[in-house]
Amino acid sequence: MKPAWTRLAIALNVALLVSGTPVMAIPPAPTENTSTQQQPAEPPTFELETTASRLTTIVEQRKKLIEADRLHQAGQHAEAEKLYREVKEPFTTPIEVKQRPEPIVDATQLSPAGKVYWREAEAGIAQNLQTRTLVPLRLLVEQYPQFIPGHLQLAAALNKQGHPNEAIDVLERATSLYPDRSELVKAKIEAFVAEKKWMEASIAARRFAILNPNQHSTAEFTQLADLHLDNYTRHLRRKLRGNAIANVITGVAGYALTGSLLGPLSALQTGSMLLRGESSIGKSIAKDAREQLPMVEDKIVIDYVNEIGQKLAKVTGRDDFQYEFYVVLDDNLNAFALPGGKVFVNAGAIAKTESEAELAGLLAHELSHAVLSHGFQLAAEGNLLANVTQYIPYGGTVTNLFAMRYSRDMERQADALGTRLIAASGYAADGLRDLLVTLKEQDKRGEPPAWLSSHPPTGDRIRYVEELIQRNGYNRYTYEGVARHAEMKARVEKILIQKELITKKKHHR
């Protein structure tokens with residue numbers, strides 16, 4: 001007779017068959033010849049009951065999510081939302097979304113003390129007195145951060161007195177408090193431009209345009225983003241032409257060190273790609289990537305990822321890219337984006353996520369890096385600084401792109417924009433947040449992906465995204481895509497198993 005634990009495992013595996021996710025491996029039943037001493041001890045009854053209860057709850061939750069998705073797709077949104085709310089738990093960390101005071105643009109609305117600071121600052125500006133200007137403005141911004149002209153005037157005074165970086169810091173803090181105030185963002189863009197930080201200016205304008213699609217100034221900021229990206233590209237071309245000789249010298253040094261012509265050719269090729277622009281870089285590197293990496297060829301899986309990706313791409317606000325999505329035959333939960341909107345996602349990311357919304361969160365995060373030109377910026381800076389990384393094992397453009405480490409600020413920008421993209425595309429807004437929870441679980445098991453080392457702590461990212469969702473009123477009680485994703489998971493898992501079997505056969509030869 002089979003042990004109770006085996007019977008329970010069979011029952012639960014059957015129950016979860018609809019999700020395409022087995023609960024556990026079922027041990028073989030002991031034969032009559034097996035001695036009592038050799039039989040494994042059964043788990044304590046309370047452990048069986050706890051596990052059974054938890055897994056039964058998971059089964060019921062998934063059934064409700066599948067039904068909620070069906071209702072949503074049928075247009076019965078109120079009924080669907082009710083089910084989503086029944087299943088989804090409150091966010092893991094209770095967040096008190098601090099209510100920012102309403103912005104003030106008229107000095108007459110300040111308190112008496114605030115009016116005194118403002119009058120003193122105006123008098124200091126009129127008399128061109130540095131201390132009399134800066135001291136009251138600093139106090140005003142600190143005590144009345146809702147007074148928008150205070151930030152603008154303090155930044156202007158710092159610029160005039162030769163402190164441009166401090167002026168940018170003032171505007172960065174102001175726009176973090178009031179990201180939808182166009183006058184603050186415009187002042188920050190102008191401060192970047194004054195310091196010839198055209199890429200930063202372009203990114204700031206692009207973010208504002210995408211995150212505030214209903215503002216009347218959205219078109220203006222899109223134009224600013226394109227203008228300053230062009231300025232950056234022209235500046236880059238001038239530097240690259242001046243840097244061409246240095247690239248050749250670096251390449252010759254590489255040849256002397258390695259005995260291979262790959263070094264000088266790669267240096268020249270990289271410079272040539274950068275000169276052709278953002279989309280050309282992505283197209284060239286994507287071609288190399290497809291040749292160097294094992295790719296999933298299953299059309300159904302590829303079409304699934306491409307459908308999600310194209311849906312997200314439609315709301316990015318950038319139509320100058322030809323967006324393409326590829327699936328790498330790798331079982332790790334990972335993805336990367338190349339300049340120009342080329343996104344690669346591992347098969348393992350499909351296998352290890354639980355819904356279409358969660359996969360969309362991963363794609364949206366990576367897509368955000370491309371939309372905000374993060375990869376282009378890093379590629380350009382890497383080429384201008386050195387080509388030494390080309391001489392590492394398996395070197396070349398693809399390896400270099402994998403080795404890139406986005407700054408923490410870039411990662412936060414991608415989390416914010418990625419969350420906006422999935423919400424705008426009709427997915428549950430917590431798709432990216434749920435992905436981060438999955439990554440945090442990998443952290444706990446001691447198997448975090450290597451690329452997470454350059455990211456902000458996962459717990460901090462979860463709290464940040466949860467606050468974004470609550471502050472902006474994004475809808476997390478809408479389409480998850482559980483049943484469809486389960487079908488794709490099962491399909492991908494078979495592909496990964498086949499790959500593993502083929503690899504084992506090669507090793508045994």
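Helix H20 covers residues 458–472, and its 15 residues reach 21 Å from the first C-alpha to the last, close to the 21 Å expected at 1.5 Å a residue. The model is predicted, with an average pLDDT of 80 for the protein.

**Helix H20**
- Just after H20, Gly473 adopts a positive phi of about 70°.

**Sheet E1-E3-E2**
- Three strands make up an open sheet with mixed pairing, in the order E1-E3-E2.
- Its edges are E1 (324–328) and E2 (335–338), each of which pairs on one side only.
- On average, neighbouring strands of this sheet are turned by 20° against each other, direction ignored.
- Four bridges join E2 to E3 (residues 342–346) in the antiparallel sense, and Ala335 has Val345 of E3 as its bridge partner.
- Helix H12 (residues 278–292) packs on the sheet and touches E1, E2 and E3, its direction making about 30° with that of E3.

**Confidence**
- A pLDDT of at least 70 is reached by 74% of the residues.
- Confidence is highest in helix H13 (residues 299–313), at 97, and lowest in helix H1 (residues 4–15), at a mean of 36.
- Residues 245–265 have a pLDDT below 50, and this stretch has 18 contacts in the model beyond near neighbours in sequence.
- Residues 384–397 are also below 50, with 25 such contacts.
- Where pLDDT is low, predicted coordinates should not be read in detail.

Key. Residues are numbered from 1 along each chain as its sequence is written. This is a predicted model: local features need pLDDT of at least 70, side-chain atom pairs count only at pLDDT 80 or more; totals for chains, interfaces and linings use all residues. Side-chain values use heavy atoms; hydrogens and water are left out. Helices (H or I, at least four residues) and strands (E, at least two) are DSSP runs, numbered from the N terminus. The expected span of a helix is 1.5 Å times one less than its number of residues. Two strands pair if DSSP finds at least two bridges between them. Axes are lines fitted to C-alpha atoms, for helices over the stretch in contact, and angles run from 0 to 180 degrees between N-to-C directions. Contact means heavy atoms within 4.5 Å. pLDDT is the predictor's confidence in each residue, from 0 to 100.
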